[in-house]
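Take a look at the picture, then read on.

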Amino acid sequence: MKLPIYMDNHATTQVDSRVLETMLPFFTEKFGNASSRNHLFGWESEAAVDTARQQVARLIHAASPHEIIFTSGATESDNFAIKGIVDAYGQNGNHIVTCAIEHKAVLDSCKAMEKKGYQVTYLPVSPNGLVDVERLRQAITNKTILISIMAANNEIGTIEPVREIGRLAKERGILFHTDATQAVGKIPINVEDMGIDLLSLTAHKIYGPKGVGVLYVRSSKPRIKINPLIEGGGQERGIRSGTLNVPGIVGLGKACEIAQQELMSDGERVMGLSERLKTGILSQLDEVSVNGHLSQRLPGNMHLSFAFVEGESLLMGLKEIAVSTGSACTSASLEPSHVLRAIGLEEHLAHSSIRFGLGRFNTEEEVDYTVRRVVEEVCRLRGLSPLYRAKKTKVGRQETSNKLQESVS
Ligand SMILES: *Cc1c(COP(=O)(O)O)cnc(C)c1O
């Protein structure tokens, strides 16, 4: 086993060697511009992009590869979906529904729309991170043009009821966008069955390269019109201009093909690793809680709060293991993340939490090492915590007095 250990697969993933191999020729001899219509170099690149489009379409069960629009990543796709739809459908209504635990790319795009005079409802979530579909139904007005709810959360791993949301959106004739960046390639996603009209994904979360992603835009039932964010050369049918990142797109396609072939086996294996991590830690430590939904969660996500321990101090002690603090502080202020606030996690527990993100390249050996080191560090830090010791002696005294009472009665 090699150190350091990478367990932060929600932040990014290592490029699969099979993906890299597929990409390499497109940096060297196959360097053509996919828009060059009059020579072999261009045709070769265009054909490779077409193949990738089919590979992505197959993974998410899109009806046609033309519904796949290549972007620079999920941040762009989320911006594109929200701003592009509002721009195209704004005359039909001025209301968007989203939820409190979305990625900042969705939340900040919605805020930008608020500044332009649109109304946005940010639905709350349950303590395990679920959107309530009934609440969503009540939030819809005759001015609602778009629902944007993520497929799975990047911090706590909760999987949202996308199919039910899709059905509701269809019933009400409202467009439905989902940020499926964490879900695609990890759990089955079917845009047809799930009633998804727009979907964001990115290559670097599914063992592909950084800087390339997709916005899926439904082209029938209904045919969606979306206005471009980026204008210029007219690539991607004029809705996303810019010379195509051919090596990146080829890599994304290959990553999707592998994900589709290995989704079930990978998912089962990775879930086994997360469970092993969880039981290993919970069986040796008290005062540890699991955040997010216990069953409706991403196979590779384990989000734990270690009471009486500062997440930051724990990370300092575990320098050879790459994980994230649950506070995922987006600012220097060390505030708990908006996700942990939205699930109502007490502030001290939010500051005590760690996100483990397991993935394709993690091994049982790495999990066992991590369990051992986490237990060691948590015990060491709690040994320094007067609060923890006070609690333990109180509990100890309580138990002794209970025993005494039992023996008396
Ligand atoms: C990583 C992530 C993004 C951003 O994707 P980029 O390709 O890095 O821009 C958006 N949404 C979710 C849920 C993510 O996990």
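What follows goes from the overall layout to the ligand and then to some individual residues.

## Before we start

The model is predicted, so local features need pLDDT of at least 70 and side-chain atom pairs count only at pLDDT 80 or more, while totals for chains, interfaces and linings use all residues. Residues are numbered from 1 along each chain as its sequence is written, and side-chain values use heavy atoms, with hydrogens and water left out.

## Two domains

The protein splits into domain 1 (5–9 + 263–403) and domain 2 (17–259), with bounds that come from an automatic or database domain assignment. Their C-alpha centres lie 31 Å apart. The contact between them takes 24 residues from domain 1 and 29 residues from domain 2, where contact means heavy atoms within 4.5 Å.

## Around the ligand

How many residues surround the ligand? There are 13, and the closest are T75, D179, Q182, T202 and K205; a residue belongs here if one of its heavy atoms lies within 4 Å of the molecule. Sorted by class, this shell has two nonpolar, eight polar and three charged residues. In that scheme Ala, Val, Leu, Ile, Met, Phe, Trp, Tyr, Cys and Pro count as nonpolar, Asp, Glu, Lys and Arg as charged, and the others, Gly among them, as polar. Helix α3 (residues 74–89) gives the most to the shell, with three residues. Helices here are DSSP runs of H or I with at least four residues, strands are runs of E with at least two, and both are numbered from the N terminus.

Now for the polar contacts, meaning pairs of N or O atoms within 3.5 Å; within protein, one must be able to donate a hydrogen and the other to accept it, and residues adjacent in sequence count only if both atoms are side-chain atoms. The side chain of D179 has an N or O atom 2.7 Å from a nitrogen atom of the ligand. For Q182, a side-chain N or O atom is 2.7 Å from an oxygen atom of the ligand. K205 also takes part, with a polar side-chain atom 2.7 Å from a ligand oxygen. Taken alone, the ligand exposes 390 Å², and the protein buries 87% of that. Such areas come from the Shrake-Rupley method with a 1.4 Å probe, and for residues, only the protein chains shown count as cover.

Look for S45 in helix α2 (residues 40–60). Is S45 buried or exposed? S45 counts as buried because its relative accessibility is 0%; buried means under 20% relative accessible area, exposed over 50%, and partly exposed in between (1.4 Å probe, protein chains only). Leaving aside neighbours within four places in sequence, S45 touches K30, F31, G32, N33, A34 and V246.

R382 sits in helix α11 (residues 364–383). With 2% relative accessibility, R382 is buried too. A polar atom of its side chain lies 2.9 Å from the backbone oxygen of A307. Beyond neighbours within four places in sequence, R382 is in contact with D286, E287, V288, F306, A307, F308, V309 and Y388.

## Backbone details

Where are the cis peptide bonds? One runs from L3 to P4, with omega near -5°, and P4 lies in the segment before β1 (5–6). Another joins K221 and P222, with omega about -5°; P222 is in the loop between β8 (213–217) and α7 (246–282).

That loop between β8 and α7 also holds E236. Phi of E236 is near 50°, a positive value in a residue other than glycine, and E236 is buried, with a relative accessible area of 8%. H61 has a positive phi as well, about 60°, although H61 is not a glycine. You'll find H61 in the loop between α2 and β2 (68–71), where H61 counts as partly exposed at 38% relative accessibility.

T28 is in the loop between α1 (17–23) and α2, and at 45% relative accessibility T28 counts as partly exposed. T28 and V120 are 92 residues apart in sequence and 47 Å apart in space, C-alpha to C-alpha.

M271 belongs to helix α7 and is partly exposed, with a relative accessible area of 41%. M271 and T325 are 54 residues apart along the chain, and their C-alpha atoms are separated by 21 Å.
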